[in-house]
Amino acid sequence: MESPVKTLVYGYGNPGRGDDGLGPALVEKIQAWIVENNVLGVDTDSNYQLNIEDAYNIKDYDIVIFADASCEDIEHFIIERVKPDEKTAFNTHSVSAGFVLNLCNNMYGKKPLVFLLHLRGYDFGLKEGFSDLADSTLNMAYNYLVNIIATPRLSKLLESVK
Amino acid sequence: MGQKITIEPVTRVEGHGKVTIHLDERKNVVQTRLHIVEFRGFERFIQGRPYWEIPVLVQRLCGICPVSHHLAAAKAMDVIVGIMPEDLSPSAEKIRRLMHYGQFFQSHSLHFFHLASPDLLFGVSADVAKRNIIGVAREFKELAVQGVMMRKFGQEVIEATAGKKIHGTGAIPGGVNKHLTLEDKMKFLIGKDPLNIDYMIEWSKAAIDLFRGYHKDNKDFIDNFAAFPSSHLSLVRKDGALDIYHGVLRAVDAEGNKILHDVDYQDYIDYIGEEVRNWSYMKFPYLRSLGKQNGWYRVGPLARLNTCDFIPTPLAQKEFEVFKAYTKGKPNNMSMHMHWARLIEILHAAEMIKELLSDPDILEGELVKKGEKRIEGVGLIEAPRGTLFHHYKIDGNDQIEMANLIVSTTNNNEPMNRAVESAAKKTMTGQDKITEGMLNAVEVAIRAYDPCLSCATHAIGKMPLEISLYNSRNELIDFLKS
């Protein structure tokens, strides 16, 4: 299987803080699926947080899907298009997906199509593993992604999602 | 009528920081406080875990400097498995050092290009919409790209030595688990432009020149903004050299007199106390010999250059001599010179990376040693933001029974409060309304220290910037949210 567009799935969060690790866990599942199905054209990456070097890391992709745990009042997960964001952080410890995109635009003149998958988390306490609700979110988001990435419909599908 | 001004810069899943500034009826600043909700639960979280897991587990404390926690914990566990720092194999020590200098290089570069360079290039009074790294990327593209590549280079050194970007496993009790590969060594030494060490050294020198240029044109601001006398504490090598991985604990007062005489950090508890104040969750460390009132100290780049006698790499030593000459050999107490000190340390880290990459021990040699097990160990390291203490005791089942961590931001608690007070008094005295410039002045003072606000959790929906203004009756009279 080969993706028609060069795609990066990038999860971030802290696996030591319960549901905050949803992003990296999703990426781990996607990576296993990529290997098992010999999917070409889709890469994965993960980290604790996004930072400025991610502007470099995303510059050569057509589509980037970030995945992060969310405390918002949403059902399971939502995916939204990321727009360039100028908000700067108070310290150096993290930046937003929009900030990374903006930096990428300005430094490298590249404009990948960027999406953020918000994965609803419930328990951010000091522990490994997920709450039951977050566990279902993880599986649903995984099924959603494997059904769209590496298909010719990817760009259209993602472009239509708000 | 008196007022209480509250600046809430960060709200995270496990904590947040805010600044409160109290004005009297004549609008004089009478009290300032920086509140940081420190995350202490981690010390309890790791109780009951096997000691060998700790160097990996503690990396979850911070997304920016996990390597510092990794190495501090590994050093404590070395002691527990009966290997004192001096007994580590040459290969293990050098590979750990390479990891640590990679960490310093990336963390300091990130701070300089992300937080400091916008202020230096556009001026602190420039429009906040422009004065950020996006603005730098627009107007000084080459410099912004250099900053990103320097951060990336350091991250790659970490990955090559720690094994992974997240939850690296490189350092283990008694040593490390792998050598550097020849492929990685050559990549860092002579790799594809510009990701090789010679570029990193050149760019580090250029960053110092940038600071010097700004300093020359803005002497009053750089020398006087948030400046205050203080003591300084750090590790130094036994011969007095700057050493961020291992050494003895030294502190000097504002005049340069030694007030902590190169002591063994295994005994830190005899010298360092931690005061609890009822308005802050974060403790206030102090030197026991001077007491709670006078024993506070600064840690970090400025402190390190004030405590050490020399820097053991030639280019950084040359810059150190200029730095020391500026204060005629006395300790430098100017908060904004923290940026200068940080840049000299970036250059030193780059030189050390080059030296270590050329050392054959990183490719071969003994990796792990074991000795007679002990029940208690202290690991101490200079993290980018300052001295980091890890102290553990284990029980008969090899499980953690007690953990005490004093992180760099905690060590800098009192100095950051002083810096905020200094900035607030200068900009807010006699004012009726808080302007963007005033808020920025306070933030600039704090940003020099780049405090870590329990950053390792980062969920969407939990990071608003809030600014609240209260009157003396604690009534909210103004509110801003980013």
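Which residue in E13(B) does Ala383(B) stand opposite? Select Ala383(B) and look across: the residue is Gly386(B).

Before moving on, some ground rules. This is a predicted model, where local features need pLDDT of at least 70, side-chain atom pairs count only at pLDDT 80 or more, and totals for chains, interfaces and linings use all residues. Residues are numbered from 1 along each chain as its sequence is written, while chains are lettered from A and ligands numbered from 1 in the order in which they are written.

**Stop 1**

Helices (H or I, at least four residues) and strands (E, at least two) are DSSP runs, numbered from the N terminus. Two strands pair if DSSP finds at least two bridges between them.

Select strands E12, E13 and E14 of chain B. They form an open sheet in that order, with antiparallel pairing. E12 (376-383) and E14 of chain B stand at the edges with a single partner strand each, so one side of each has no neighbour in the sheet. Neighbouring strands here are turned by 15° against each other on average, direction ignored. Angles run from 0 to 180 degrees between N-to-C directions, and axes are lines fitted to C-alpha atoms, for helices over the stretch in contact.

Start with E12(B) and E13(B). Eight bridges join this antiparallel pair.

Next, take E13 (residues 386-394) and E14 (residues 400-406) of chain B. Six bridges hold this antiparallel pair. Pick His390(B): Leu405(B) in E14(B) is opposite. The two strands form a hairpin with five residues between them. In the turn, click Asp398(B), which has a positive phi of about 65°.

**Stop 2: two crossing helices, chain B**

Two packed helices are described by the angle between their axes and the distance between the axes. Select helix H4 (residues 90-122) and helix H14 (residues 337-357) of chain B. Their axes come within 9 Å and cross at roughly 145°. The crossing of H4(B) and H14(B) is left-handed, meaning that the near helix is turned anticlockwise from the far one by less than a right angle.

Show side chains at the contact. Residues are in contact if their C-beta atoms, placed from the backbone, lie within 7 Å. From H4(B), the residues include Tyr101(B), Phe105(B) and Phe112(B). From H14(B), they include Ile346(B), Ala350(B) and Ile353(B). By class, the contact of H4(B) with H14(B) has 13 nonpolar, five polar and four charged residues. Here Ala, Val, Leu, Ile, Met, Phe, Trp, Tyr, Cys and Pro count as nonpolar, Asp, Glu, Lys and Arg as charged, and the others, Gly among them, as polar.

Stay on Ile353(B). Leaving aside neighbours within four places in sequence, Ile353(B) is in contact with Leu98(B), Tyr101(B), Gly102(B), Phe105(B), Val157(B) and Ile197(B).

**Stop 3: strand E5, chain A**

Switch to chain A and select strand E5 (residues 113-120). Six of its eight residues are buried. A residue is buried if 20 or more other C-beta atoms lie within 10 Å of its own, exposed if 12 or fewer, and partly exposed in between; C-beta atoms are placed from the backbone.

Strand E3 (residues 63-70) of chain A runs parallel to E5(A), joined by eight bridges. Ser70(A) has Arg120(A) as its bridge partner. Strand E4 (residues 77-81) of chain A pairs with E5(A) in the antiparallel sense over five bridges. Find Arg81(A); Phe115(A) stands opposite.

**Stop 4: two single residues**

Is Val42(A) buried or exposed? Val42(A) counts as buried because 26 C-beta neighbours lie inside 10 Å. Val42(A) is found in strand E2 (residues 40-47) of chain A. Not counting residues up to four places away in sequence, Val42(A) touches residues including Ser3(A), Val9(A) and Ile149(A).

Last, go to Glu53(B), in the loop between helix H1 (41-45) and helix H2 (54-57) of chain B. Glu53(B) has 14 C-beta neighbours inside 10 Å and therefore counts as partly exposed. Draw a distance to Leu305(B), 252 residues apart from Glu53(B) along the chain: the C-alpha atoms are separated by 34 Å.

Conventions. Contact = placed C-beta atoms within 7 Å.
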